[in-house]
Amino acid sequence: MQVITIPHFDSDGVTLQPTVGYDKWIILAASTSETRVADAIIASEATNEVGEVQTKSDPEKNIYEVDTQALENEEYPPPTEEELSSLRKVPAYLPIIAYSLCLVEFAERASYYGAQTVFSNFIEFPLPKGGNGAGAPPRGTQETAGALGMGLQASDGLVLLFQFLAYVIPIFGGWWADVYVGRYWAICVGVAICGIAHIIQIIGAIPSVLQAGTAHAAPPFIIGLLLLALGAGIFKPNIAPTVLDQYRHQKQYTKVLKTGEKVIVDPEMTATRTMLIFYGVINVGAFYMLATTYAEKYVGYWLAFLLAGIIYFILPVVLAAAYKKTYRTPPSGISDLAKAIKITITALRQNKWQVWRKNFFDAAKPSVLAAKGIQVDWSDKLVDDVRRTLVATEIFFYFPIYNLNDGGIGSVSTNQGASMTTNGAPNDLLSNFNALTIIVAVPIVDYFIYPLLYRYNIPFKRITRITFGFTLAALSGLCGALVQWRVYKTSPCGYYASSCSEVSPISIWWQLPNTILGALSEIFCNVTAYELAYARSPASMRGLVMAIFLFMTALSSALGEILLPVTEDPDLIWIWGAPAVALALQTIFFWYRFSYLNNDEFMTDEANYANSDAEETPIQPTEVEKAVEK
């Protein structure tokens, strides 16, 4: 009988010891003093019978199967309990391909926002008298650009419809990508549809079409608007998960920096940095609105829509160049959605519909059901993922009221600007400062504020970030209400300033506090929501869960549609103030309800469940030795 000798191997607190005449290794878990048999290294010519090892083969010619977990631990050494409590945490460096996909998002958002920002004026106001016939007003006047002349309520209605569709359709787009085509190809389909939409809108904004009247100009514009919502709805839920997919190692590990400091590379901090960069790039694209708003003001809508289309056609080039290097998650072929519904129903039945019970979803775990003689086709991990996903979804349902405070309801901010002194600036100019604020603030938050907080061990975790963002948004809505009150007080038409032929002497720049506070809130609310949608959902449902978060914007639009009958003078102060009060009250309850999630696990790992299953039925060394002796 041959004694196999391989150098002592120690990884992650686990010691391997050779066993005489046995072709496997005993793994002694130092932390639990338990043992189990594992296939750490298996000689390919070893027999299947316990205790028999071929001695005639040349050891140098044997092919060995190496435990992938051991290799992973060697490349990405997991932190010990002591290191977790003492070492500083840092984000990982992002792969270059992730930046390339962020460029894709930049081009899509630049074209989307570049077109959307001029929709309100295009619909609400008529072609200006004395203008150039392309929608631009006469130079040196306080008039506003326009085209269709359908009024404020029609403008609000179509803009809110566009937003509603653009954030409802992602539910289909995310599910379709997860199950059937994969996220990458769904992105390509969305790009193609939006490209057609931009071409139609450019044609509909040609001066001769606008001058022919609303009956001729409205149909191509509305068709383009609907197609743009469809394409964006397929594109949007799949791009952020695809960016996050490019970072392939989703567990904590230690590394030594060039300075000699040993740190923990943390996946949650990596996701935060990735989504901050992603969100910053979105708003670099959104800042493109500045070009289209000035184009409508001084040249006309044909140029505004043309600029949106030109930037858009960068997308196919970048997607083609990045194709081979992009990690493309394949479609699952079957969604975990059906299983998630079954798990929820099983948990309800096993708990006798008492949803308030502690550890409610544990009753649906296979390990628990097996003791009752019930066999199911899902895993313990999927049950935990469903629980985590439903909690994230519940968090998302706090966002509609938040969204009403971020920029106001519908076109109310643009309408407010049109009632103020602009001195040549477009009335929708201030919406560009939302994007500018985010562009400036993201690197400050990512590279200075967050590292400073972590260095001094000041917790600013996921629920704290959202709560802080909600507070900023409530203050933003309050600022909007105060400005609207001052507009009413100073307008020549008093509380009917929106339809007044003259404007308030208050400068449009007083809208800045509302814009800046709303923008800062997005860095803490929306970015964190992206992280939660990705980290707290099964891999086969990430597009769908991201779409559920985006759907909250659709609900905000639906609330805006409900409020349309009162979105007019003299009630606009309440259109700003009521959502701010509602959000302030909601923020208090939100913190009380979800603060415990600050310390919840960021992502679950299948390996953890496999390890726990193995530990439940350990094999003692003495039993193995007895088998060898026989």
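**Close-up views of a predicted model**

**View 1. Strands 8 and 9 make a hairpin.** Tyr253 sits across from Val265 of strand 9. This is a predicted model, in which local features need pLDDT of at least 70, side-chain atom pairs count only at pLDDT 80 or more, and totals for chains, interfaces and linings use all residues. Numbering starts from 1 along each chain as its sequence is written, and side-chain values use heavy atoms, with hydrogens and water left out. Strand 8 (residues 253-256) pairs with strand 9 in the antiparallel sense through 4 bridges; strands are DSSP runs of E, at least two residues, and helices are runs of H or I, at least four, numbered from the N terminus. Pairing takes at least two DSSP bridges between two strands. The hairpin leaves 5 residues between its strands, and Gly260 in the turn has a positive phi of about 95 degrees.

**View 2. Strand 9 also pairs with strand 7.** Here strand 7 (residues 88-90) and strand 9 (residues 262-265) run parallel, joined by 3 bridges. Lys89 has Ile264 as its bridge partner in strand 9.

**View 3. Helix 3 is mostly covered.** Of its 21 residues, 17 are buried, meaning under 20% relative accessible area (1.4 Å probe, protein chains only). Helix 3 (residues 96-116) spans 30 Å from first C-alpha to last, close to the 30 Å expected at 1.5 Å a residue, where the expected span is 1.5 Å times one less than the number of residues.

**View 4. The largest cavity lies between two domains.** Its volume is about 1,200 Å³. A cavity is a set of points on a 1 Å grid over the protein atoms alone where a 1.4 Å probe fits but cannot get out, and lining residues have an atom within 4 Å of a point. Points are joined across faces, edges and corners, and the volume is the space filled by probe spheres set on them. Domain 1 (89-330) and domain 3 (385-603) both contribute to the lining, so the cavity lies between them; the bounds come from an automatic or database domain assignment. Helix 21 supplies the largest share of the lining, 7 residues.

**View 5. The second largest cavity has a volume of about 90 Å³.** Among its 13 lining residues, Leu244, Tyr247, Gln250, Ala271 and Thr274 are the closest to the centre. Helix 8 (214-245) and helix 9 each give two or more residues to this lining, and helix 9 gives the most, with 4.

Conventions. Buried means under 20% relative accessible area, exposed over 50%, partly exposed in between (1.4 Å probe, protein chains only). On a 1 Å grid over the protein atoms alone, a cavity is a set of points where a 1.4 Å probe fits but cannot get out, and a pocket is an open set with protein on both sides within 12 Å along at least five of seven lines; lining residues have an atom within 4 Å of a point.
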